[in-house]
Amino acid sequence: MSARRSVTILGATGSVGRSTLDLIGRDPERFEMVALTAGRDVEGLVELARRFRPRLAVIGDEGAHSRLSDGLAGTGIETAAGAEAIVEAAGSGADWTMAAIVGTAGLKPALRALEGGGTLAFANKEALVSAGELMMRVATATGATLLPVDSEHNAIFQCFDRERPGSVRRIILTASGGPFRERSRDEMRRVTPAEAVAHPNWSMGAKISVDCATLMNKGLELIEAYHLFPLGIDAIDIVVHPQSVIHSLVEYVDGSVLAQLGAPDMRIPIAYTLAWPDRMETPCERLDLVKIGSLDFEAPDEIRFPALGLARAALAQGGAKPAILNAANEIGVASFLESRIGFLDIAAVVGEVLAACDPPAPTSIDEVLEIDRQARRVAAEIAGKFSF
Ligand code: NAD
Ligand code: MG
């Protein structure tokens, strides 16, 4: 990498945000920090802002503004609070912005960054699931560069011949299968939030960890892939690969299959987006194929893991359905993490909400957000009926 790059990180205190800052901290001269944002973790944001010295630090929780400004007193770092302030920070004109807020809370900030026309490293899959068409349209209109951070989509991005999309026959997303890959439905009925967030290969935030355990993560990623790459639904396959060494594959018309491999460490795909189109060093473990010995593959089991089928159906139906799927899942996961519903109830809630809600297709972001709000309301009611 040559010129200094100005950087904003949305969701700086989370798992992806901290991995991004870990890489930046190893080569600080190359980056100029514009803004760091967080939802509620003021202490985390103060600590990161003191270390990385952005021009601006923003906390989503308005009630926490004074704690943020007290924590940064004397540093010269500007502070702000509230959802709108995060959107403004996203539009602060950085060369490179990381979208690592979890959930549809990240939608408006991600859109504002795309409107700025810079480079958006994109981890916040829920925003793309809810509003994929609209987001891709904005990216095309402004000429913004959208670089996928999700390890599977980053792998496909690295292997996909974007100049000859017609030469690609299909893409294959790999899934670890999560911590309950070998459990029966009966065993899954009783799993606790602590068991569900303990992923065998990756260290991640709580919400995505639960999504990996239900396989909804792969369902969301199927929809994400559909928007990011110019292929139909039938050209996106999913294969379970428990070692998480092959991060995804692209098959060409001649039968060649290209894959990207690496240690399961998010700093590798993040580094790819941070240095793109160049490459940068990372401290990540190197792949030792001899030590790994063998790689396994199996078909996903959509009976034990119905979330995957729900996502596929929502994508096929299109319109408002993917936004409803995502909103219902966010409520289902939050209810499970608060021990108010069981693990299997998450997909059951999503299925019921999809059946109960059928609004027209959204034509604007405000309509997407209204569909999201309504689906959350219905999901909360339905989740309330599941006794646990
Ligand atoms: P996380 O929970 O660790 O961090 C989320 C970040 O978003 C935090 O900084 C939090 O303060 C902020 N945030 C939460 N709610 C907010 C709100 N309402 N308004 C503003 N900010 C808010 O999550 P994560 O694991 O880092 O995941 C972030 C995103 O990246 C998710 O969409 C996830 O699906 C995706 N992703 C994560 C990984 C991973 O390895 N963690 C891999 C692929 C994709
Ligand atoms: Mg992924």
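This is a predicted model: local features need pLDDT of at least 70, side-chain atom pairs count only at pLDDT 80 or more; totals for chains, interfaces and linings use all residues.
Strand β8, which covers residues 168–175, is joined to β9 by five bridges, and the two strands run parallel. They are part of an open sheet of four strands, arranged in the order β9-β8-β10-β11 with mixed pairing. Because β9 (236–240) and β11 (257–261) stand at the edges and each has a single partner strand, one side of each is left without a neighbour in the sheet. From one strand to the next, the twist averages 20°.

Helix α7, made up of residues 151–159, lies across β8, β10 (246–252) and β11, and runs at about 40° to β10.

The magnesium ion (ligand 2) is coordinated by D150 through OD, by E152 through OE and by E221 through OE, at 2.0 to 2.2 Å. Along the sequence, these donor residues follow the spacing D-x1-E-x68-E. Are D150 and E221 buried or exposed? With the limit for a buried residue set at under 20% relative accessible area, D150 counts as buried because its value is 8%, and E221 counts as buried because its value is 1%.

| Donor residue | Donor atom | Relative accessible area |
|---|---|---|
| D150 | OD | 8% |
| E221 | OE | 1% |

On another level, the protein chain is divided into domain 1, spanning 5–148, and domain 2, spanning 318–388. The C-alpha centres of domain 1 and domain 2 lie 26 Å apart, and the contact takes ten residues from domain 1 and twelve residues from domain 2. Between them the domains bury about 880 Å², of which 68% is on carbon and sulfur atoms. Which residues of domain 1 lose the most area to domain 2? They are T104, S130 and L134, which together account for 47% of what the domain 1 side buries.

Conventions: Residues are numbered from 1 along each chain as its sequence is written. Chains are lettered from A and ligands numbered from 1 in the order in which they are written. Side-chain values use heavy atoms; hydrogens and water are left out. Two strands pair if DSSP finds at least two bridges between them. Axes are lines fitted to C-alpha atoms, for helices over the stretch in contact, and angles run from 0 to 180 degrees between N-to-C directions. Contact means heavy atoms within 4.5 Å. Donors are N, O and S atoms within 2.8 Å of the metal (3.2 Å for Na, K and Ca); water is not among the atoms, so sites may look incomplete. Buried means under 20% relative accessible area, exposed over 50%, partly exposed in between (1.4 Å probe, protein chains only). Domain bounds come from an automatic or database domain assignment. Buried area is the accessible area (1.4 Å probe) that two parts lose on being put together, summed over both.
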